[in-house]
Amino acid sequence: MNRSKAHISFIALLVILFLTFLDNTIIAAILVNVQAELHAGVPELQWVVGGYALTFAAFMLNFGSIGDILGRKKVMLFGVTIFIIGAVISAMSTDLKMLIAGRLIMGLGAAASEPATLSLITRVYSDRPSQSRAFGLWAAVSGFALAMGPIIGGGLVSKFSWPSVFWFNVIFGVLAFIVGIIFLPKDPPRIHRKIDWWGFLAAALSLSLAIYAVIKGETLGYKSGKITAMFAFAVLLAIVFYAIEKRAKEPLISPNFFRIKTYTGSIFIAFASYFSIFAIFFFVSLYLEIIQSVSALRLALDFLPLLFGMVISGIFSGRWMAQVGSRLPLAVGCLLSAAGLFGTRLFISPTINFPTLAFVLGVTGIGFGLLIAPLNATAIWSLPAKDSGVAASSVNTGRELGAVAGVAILGSMINGQLTNHLMARLVQLGIPSAYRQIVITAITSGTFNDQKAAVSKGATGEVKIIIDKVVSAAYGALSNGLFLALTAASILLLIASAVAVRLMPSGNLSSEA
């Protein structure tokens with residue numbers, strides 16, 4: 001493929017990449033609106049976010065392998081079509097069930113379309129230096145899309161309403177489909193290999209059940225019999241999947257791949273990084289909207305430093321990786337991300353000013369931007385070229401599993417503070433038992449500020465003092481939950497940094513075949 005044609009094909013890949021990555025975070029801008037209009041609590045909001053990630057993570061590994069067999073362009077465009085259908089359903093939703101169903105379908109479409117945005121890079125560019133630069137630009141665009149999510153969403157919600165976010169996805173999806181048909185390289189002759197349907201089914205069921213249990217466990221409690229049973233069945237299905245792949249002549253994914261340290265290390269770091277990044281996108285957004293009552297547009301501006309940090313470091317990381325290998329960029333990226341998250345934990349408060357928030361979010365963005373290119377390149381270069389779709393989908397599956405687990409597990413910490421800590425504080429304040437659950441329900445369902453205003457209207461001085469104490473207790477509980485979540489995310493990133501030092505390759509990679 002000549003140089004100019006390769007560049008055009010790569011741009012087409014980036015357009016589709018932007019579409020699927022954007023939808024991971026654009027949802028953050030509409031959470032409060034959905035919460036108020038559809039009367040959703042925090043668990044329901046987590047399903048609006050996690051539903052997309054559930055099908056995305058559960059089916060991506062399968063679609064990556066199928067793309068290697070049937071043709072990556074075909075599977076990618078099929079995925080974009082499904083994504084558009086899901087966006088239409090989400091935009092037309094009149095209740096939470098319909099919205100969550102639309103998000104599940106969008107995630108399925110993203111699972112089919114995204115793996116090829118990575119795996120096709122090695123077809124578009126044949127030499128390592130060009131691939132390294134392409135991985136860097138891939139990282140920059142994915143970071144740009146993630147950070148632009150709240151900004152674009154905030155702008156749309158401030159001018160229109162929350163369904164406009166999904167209509168934007170429909171319009172952009174149609175554009176991506178047209179660009180893909182015209183400019184993506186044609187698929188090579190089909191690989192004469194059977195699709196491992198039993199492996200497909202076992203992998204999808206195991207991942208779906210595990211992800212569902214993680215999300216549902218936040219509501220039911222992770223010690224409940226139902227959640228324990230789901231995790232047990234997920235593990236059993238994973239063992240069945242391993243047995244199927246061991247015996248299959250043409251496995252969906254060879255179990256031998258997991259013996260490759262750089263491959264498994266990449267998947268772990270992908271999990272850890274996205275587990276942590278959603279602590280920023282989901283919970284910091286929710287904190288700013290509830291505690292500071294920021295508008296959607298102001299929230300978009302607050303996230304600009306994160307955007308610039310991810311884009312700039314993403315562009316730089318590909319070239320840096322080509323010179324020194326992936327070990328140093330990954331280790332430094334994890335450390336900077338951890339520092340940014342912990343800085344956010346130290347400084348965020350109801351009175352935090354923009355320069356302070358910009359600094360900690362900027363550091364976080366630089367760290368995450370450094371991670372993405374070496375993560376992708378290491379995973380893909382670890383496996384044979386014919387399995388690049390599997391490699392790409394594996395690292396992306398790790399990302400999405402991290403996103404789901406991050407939202408659910410960290411959300412569980414925050415909800416625990418909203419219920420246990422807040423309840424204890426309300427008892428200390430002498431709030432009658434009949435009113436304690438009303439307060440907790442109000443703050444978790446998004447009606448707290450409205451009810452506070454209604455009760456305060458015409459209240460006596462004594463009553464207003466009690467109201468102020470209740471408000472302070474509620475906000476304190478939410479703050480404590482956020483502090484715990486950010487601390488846990490920081491620790492996980494430190495562990496990921498150690499994994500990078502231990503398992504990732506170092507040295508100049510640009511001359512390797």
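Residues are numbered from 1 along each chain as its sequence is written. Because the model is predicted, local features need a pLDDT of at least 70 and side-chain atom pairs count only at pLDDT 80 or more, whereas totals for chains, interfaces and linings use all residues, and side-chain values use heavy atoms, with hydrogens and water left out.

The protein chain has an average pLDDT (the predictor's confidence in each residue, from 0 to 100) of 79, and 83% of the residues score at least 70. Residues 451-456 have a pLDDT below 50, and this stretch makes seven contacts in the model beyond near neighbours in sequence; contact means heavy atoms within 4.5 Å. Where pLDDT is low, the predicted coordinates should not be read in detail.

The count of aromatic pairs is 17. Rings of Phe, Tyr and Trp (its six-membered ring) pair if their centres lie within 6.5 Å; planes under 30 degrees apart count as stacked, over 60 as edge-to-face and the rest as tilted. Phe21 and Tyr274 form an edge-to-face pair, with 6.5 Å between centres and 80° between planes. This pair links distant parts of the chain, as Phe21 lies in helix α1 (residues 3-25) and Tyr274 in helix α12 (residues 261-291), 253 residues apart. Helices are DSSP runs (H or I, at least four residues), numbered from the N terminus. Both Phe21 and Tyr274 are buried, that is, under 20% relative accessible area with a 1.4 Å probe, protein chains only. Elsewhere, ring pairs link Phe59, Phe63, Phe78, Trp197 and Phe200 into a cluster.

Ile215 belongs to helix α10 (residues 197-220). With a relative accessible area of 4%, Ile215 is buried. Apart from neighbours within four places in sequence, Ile215 contacts Trp47, Gly50, Leu54, Val404 and Ala408. The C-alpha atoms of Ile215 and Ile227 are 9.8 Å apart, at a separation of 12 residues in sequence.

The largest pocket holds about 510 Å³ of space. On a 1 Å grid over the protein atoms alone, a pocket is an open set of points where a 1.4 Å probe fits, with protein on both sides within 12 Å along at least five of seven lines; lining residues have an atom within 4 Å of a point. The lining of the largest pocket comprises 18 residues, of which Leu207, Ile267, Thr397, Gly398 and Leu401 lie nearest the centre. Two or more lining residues come from each of α10, α12 and α17 (388-428), and α17 gives the most, with six.

Conventions:
Buried < 20%, exposed > 50% of the residue type's maximum accessible area, 1.4 Å probe, protein only. Points joined across faces, edges and corners; volume = space filled by probe spheres on them.
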